[in-house]
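I opened my notebook to get to know a new protein chain. Here is what I looked up, step by step.

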Amino acid sequence: MPKNPQILPSSPLFPFSLLSAPVWKQYQIIGLGLLLGVCVTACNTQTTAEPQSNQNRASSPNATDWFRKDKKVILTTFTVLADMAQNVAGDKVIVQSITKPGAEIHGYEVTPSDLKRGQGASLILDNGLNLERWATRFYNSFPKVPRITVSEGIKPINIAEDSYKGKPNPHAWMSPKNALVYVRNIRRALSNADPANAATYEANSTKYSQQIEAIDEKLKQAISAIPPDKRYIVSCEGAFSYIARDYGLKEVYIWPVNAEQQSTPKQVERVIDTVKANKIPAVFCESTVSNEAQLQVAKETGAKFAGVFYVDSLSPSEGPASTYLKMLEYNVNTLIKGLQGNG
Ligand SMILES: [Zn+2]
């Protein structure tokens with residue numbers, strides 16, 4: 001918190017004159033300043049620790065300049081990409097996510113502070129494959145900031161039904177195999193934007209890719225222990241197509257992609273029929289949407305509602321899926337426990 005609000009008007013965050021405003025307006029401006037000051041710190045959860053400098057960030061009269069000059073700021077559209085990018089960037093770059101942990105990311109509403117952060121970014125990393133439906137408005141505000149779509153080179157799996165039929169399933173990151181492509185694209189993007197640190201990005205991405213490969217192997221082995229006729233993953237959103245393909249799972253979902261209007265009676269009925277016909281013991285939903293429809297499936301089929309998967313967003317740092325690798329492991333453990341009746 002700024003100890004002396006009088007310094008706020010000189011910050012580039014506040015291009016208007018505080019002193020010429022009426023008294024009530026001054027309080028409003030100071031309040032806004034405090035809020036934004038908090039956000040500069042609190043929204044920066046993915047940054048590399050630099051305790052001494054960061055303590056001064058919110059109160060510095062030149063906070064924005066400091067922010068930009070010391071390190072490049074890379075913005076990602078959601079938390080999973082921020083974690084991947086931070087692993088590749090190490091301490092060379094500040095990485096932030098536009099959407100926060102727990103946020104719905106498909107139909108996100110961009111805020112004025114997001115636009116401000118976009119203008120200050122050196123690079124934006126997005127997923128593409130129609131994930132960020134809100135991105136056009138966002139990008140139109142700062143057309144000169146370079147953008148990289150990190151799913152480039154991935155062969156999409158198309159959605160098979162409903163209004164999304166024939167469109168690519170955006171959740172490519174859910175397969176570790178695809179994550180290796182994401183990491184390669186992130187490494188290239190960072191090296192191009194900041195060639196002086198290319199060797200660091202190369203070393204970090206090699207190490208991180210090895211960790212992804214190791215967890216991929218571990219999860220494949222865990223899933224292979226499930227009897228083949230029990231390898232179903234029943235979720236709310238159809239976000240598991242890539243992981244289902246790579247791990248030999250059968251995917252069942254209520255709706256294909258999170259949208260404002262979800263779960264028609266027909267969609268719920270279809271899942272109820274499938275769960276009953278195949279005697280699937282456990283159903284699940286995702287952390288960013290309501291469980292209601294899946295609870296109805298559980299009630300009408302006798303299957304157990306056995307937990308929540310993390311897909312579109314990591315958990316907060318104290319939660320069980322605070323990194324991409326933890327998220328993969330948590331989901332597969334939740335699935336296995338549920339299918340074994342221990343969920
Ligand atoms: Zn999703």
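My entries below go from the whole chain down to single residues.

**Entry 1: the whole chain**

I am working with a predicted model. I began with the overall make-up: the protein chain has 12 helices and eight strands. Next I looked up burial, and 40% of its 343 residues count as buried. I also checked contacts with a separation of 6 or more, and residues 24 or more positions apart account for 60% of them.

**Entry 2: the nonpolar core**

Which residues have the most contacts inside the largest nonpolar core? I found Ile 74, Met 84, Ala 85 and Ile 186, in a core of 77 residues. Helix H12, residues 324-339, gives the most to this core, with eight residues.

I then followed Ile 74 to its partners, leaving aside neighbours within four places in sequence. Among them are Ala 85, Ala 89, Val 93, Ile 94 and Val 95. The list also includes Ala 121, Ser 122, Leu 123 and Leu 125.

**Entry 3: helix H7**

I checked the length of helix H7, which covers residues 176-193. At 1.5 Å a residue, its 18 residues should span 26 Å, and the end C-alpha atoms are 25 Å apart, so the two agree. I noted the buried residues of H7, including Pro 176, Asn 178, Asn 185, Ile 186 and Ala 189.

**Entry 4: what H4 packs against**

Helix H4 (residues 79-89) packs with H7 at an angle of about 55°, with the axes 10 Å apart. That angle makes H4 oblique to H7. I also noted that H4 passes H7 in a right-handed crossing. Which residues meet here? From H4 come Met 84, Ala 85, Val 88 and Ala 89, and from H7 come Ala 179, Tyr 182, Val 183, Ile 186, Arg 187 and Leu 190.

**Entry 5: two positive phi angles**

I reminded myself that most residues other than glycine have a negative phi. Asn 130 is not a glycine, yet its phi is positive, about 65°. I located Asn 130 in the loop between strand E3 (123-126) and helix H6 (135-140).

Lys 279 is not a glycine either, and its phi is positive at about 50°. Lys 279 follows H10 and sits in the loop between H10 and strand E7 (282-286).

Is Lys 279 buried or exposed? Lys 279 is exposed, because it has 12 other C-beta atoms within 10 Å and the cut-off for exposed is 12 or fewer. Asn 130 has 16 such atoms, so I wrote it down as partly exposed.

I looked at H10 (residues 265-277) too: its 13 residues reach 18 Å from first C-alpha to last, close to the 18 Å expected.

**Entry 6: Asn 169**

Where is Asn 169? I found Asn 169 in the loop between strand E4 (147-149) and H7. Asn 169 counts as buried because it has 22 C-beta neighbours inside 10 Å. Not counting residues up to four places away in sequence, Asn 169 touches Pro 156, Ile 157, Asn 158, Ile 159, Gly 238 and Ser 241. Asn 169 and Gly 238 are 69 residues apart in sequence, with their C-alpha atoms 8.2 Å apart in space.

Key: Residues numbered from 1 in each chain as written. Predicted model: local features only at pLDDT ≥ 70, side-chain atom pairs only at ≥ 80, totals over all residues. Core = buried A, V, L, I, M, F, W, Y, C linked by C-beta atoms within 7 Å. Buried ≥ 20, exposed ≤ 12 C-beta atoms within 10 Å, placed from the backbone. Helix = DSSP H or I, 4+ residues; strand = E, 2+ residues; numbered from the N terminus. Contact = placed C-beta atoms within 7 Å. Expected span 1.5 Å × (residues − 1). Axes fitted to C-alpha atoms, helices over the stretch in contact; angles between N-to-C directions. Parallel < 35°, antiparallel > 145°, perpendicular 65-115°, else oblique. Left-handed = near helix turned anticlockwise from the far one by under 90°.
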